[in-house]
Amino acid sequence: MCGIVCYIGRQPALPILVEGLKRLEYRGYDSSGLAIHNGSEVQLVRELGPIRNLERKLGSSQWSGTSGIAHTRWATHGAPSEENAHPHGDCRGEIYVAHNGIIENYRELKSDLERRGHCFRSQTDTEVLAHLIEEFQDSSLEEATQQALERVIGTYGLAILSRKFPDKLVVARRGSPIILGIGAGETLAASDVSALLRHTRKVIYLQDGEIAVLEQDRFRILSHQQKWIRRSPETVEWDSEAAEMQGYPHFMLKEIHEQPEAIQNAMRGRLLWEEGTAKLGGLEAVADRLRQARHMIIVSCGSSYFAGLLGRYVLERLTSLSVEVELASEFRYRKLNFRKGTVVLAISQSGETADTLAAIREAKRKGALVLGLVNVVGSTLTRETDAGVYNHAGPEIGVASTKTFISQMVILHLIALFLGRQQEVPIAEGQRIQEGLQKLPDQVRHILSRQDRISDLARRYCGYHHFFYLGRKYNYPVALEGALKLKEIAYLHAEGYAAGEMKHGPLALIDEEFPSVCIVPRDSSYEKMVSNVQEIKARRGKVIALTSEQDGDICSLADEVFPLPSNLEILTPILAVVPLQLFAYYAALHRGCEIDRPRNLAKSVTVE
Ligand code: M6R
């Protein structure tokens, strides 16, 4: 999410920063900006849109300053705009800050700072950092930074430049990467190693809680225990192309591996343990109307639609809402009865999907309360809904949805928890769900650590031309998603089915050439899933089973077994989807398909 690059050395900083931003543009591209110290003043430029707009604005500027910080933004708080672009300044134009991450307590900090006379110019969470550092203006820049950060709850990768200290820059890290680049007579830092490699391969990865001071010929690191420490640089072997993907061969694989973080980001600051509920700031303004709602219609397309299908099971389980899920492209053809208090929830990664936008416009005409669950901040959908929740999953570059799908599933659980706790869900159950949610990042990491096993499975099975993906209840939507992944990435025919439907027709297709991927965790539908697997086996069909069972019936029945960690039944789809994504990825890889940009598809479908 977002990109930072900074430089202090002997050369003019401007071209170095612009080139670095271009390397980072894939991380966020709604606006960009930079601040450069020319020895006496700070020059600032910011612009909406991609880096080329910033370049256009700079024109043929020949700024001579040799230190500066730069940022490319992926909006989280405040719509994409010039005033929300980084770097952000304090009241006096002395201190400039570029930030990746989320300051969770920014509202409290901002009100406090405003009471103390600070004047804010943007809607971002980041700006509080500049004003907070300003509060400690009598200290050195690093001390002021350290004192300010003591008051901050949240995550940051941070770069700071001060007019008062032309010979240094300060960077800091908590939860969002900052890497130092050690050159000859120059020191750099960036949120991603790819922005450093044209200048140096000698790098130092800052650890959480550390602050570093960058000077032309040296750097210093302050540990989280406030001690100056030594650390030797390590040498990066990748070239800059590979570095953009942080060593992953494809964005899709990188994004699959970012899922533990996407789950954490979806939950960050949103779980209230004491009350066993979730807090969703974006829904606060409509909380009363939501409380009175009795009927919800979820509209979305593709993977977002499948997340909506899971949302229906979860919302109906935890609340008294009756929930319908409608494909956005079919919404206009339905004569949906909008009862009093109908809420429409649109789910969209991009916030630009034409069918989803058309559906919410129709819902608004009918007087419904319209909410959004969206990843791209400031997208059309966020501007046209009454309220909503952001994924905070960061940019997703691969056409196949992965980390945003998992994030949608997590947030739908949070919405259900938030509404359910206002109804009949007791506090203890709310806390049990929270415990389950908190286990997910590590459990997903565990699945990812076994990707070689899935690669091997995919290699052995990618010669088949047809697949069924079967699940029941919470895992039925994930079966649909698994099949979609295989179709779009590996160009293999795959059908997702509710396992109970097999006997009503599809079973006729089963033979030894038609394998089935079955999601069979030990849960309330386990026995029925085992019967379905038996029916397939009786017709010589091959079965790949995902299961949390160690040695139950399913293990002896299935041809292949991939283990799933145990968690609450309601949360298993969030785990089960990961091996399915990996299976599609490796099947595509073994078949030599174009993975990040599959044929005939686009990341954002802006036509109906
Ligand atoms: O941006 P959206 O979530 O509205 O996109 C909807 C679908 O186009 C999308 O989920 C698509 O199905 C996935 N990219 C498939 O992996």
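Arg-23 and Glu-19 are four residues apart in helix H1 (residues 13–24), so about one helical turn separates them. Helices here are DSSP runs of H or I with at least four residues, strands are runs of E with at least two, and both are numbered from the N terminus. The model is predicted: local features need pLDDT of at least 70, side-chain atom pairs count only at pLDDT 80 or more, and totals for chains, interfaces and linings use all residues. Residues are numbered from 1 along each chain as its sequence is written, and side-chain values use heavy atoms, with hydrogens and water left out.

**Exercise 1.** Find which side chains form salt bridges with Glu-19 in the pairs with Arg-23 and Arg-198, and state how exposed Glu-19 is.

*Solution.* 
1. A salt bridge is a side-chain nitrogen of Lys or Arg within 4 Å of a carboxyl oxygen of Asp or Glu.
2. Arg-23 meets Glu-19 at 3.1 Å, N to O.
3. Arg-198 meets Glu-19 at 3.4 Å, N to O. This pair links distant parts of the chain, 179 residues apart: Glu-19 is in helix H1, while Arg-198 is in the loop between strand S10 (187–190) and strand S11 (202–205).
4. Buried means under 20% relative accessible area, exposed over 50%, and partly exposed in between (1.4 Å probe, protein chains only). Glu-19 is buried at 17%, and Arg-198 is exposed at 58%.

**Exercise 2.** Describe the accessibility of Asp-90 and of Arg-92, whose side chains form a salt bridge.

*Solution.* 
1. The N to O distance between Asp-90 and Arg-92 is 3.2 Å.
2. Asp-90 has a relative accessible area of 0% and is buried.
3. Arg-92 has 40% and is partly exposed.
4. Elsewhere, salt bridges that share partners join Glu-142, Lys-168, Glu-215, Arg-218 and Arg-220 into one network.
5. The whole structure holds 40 salt bridges.
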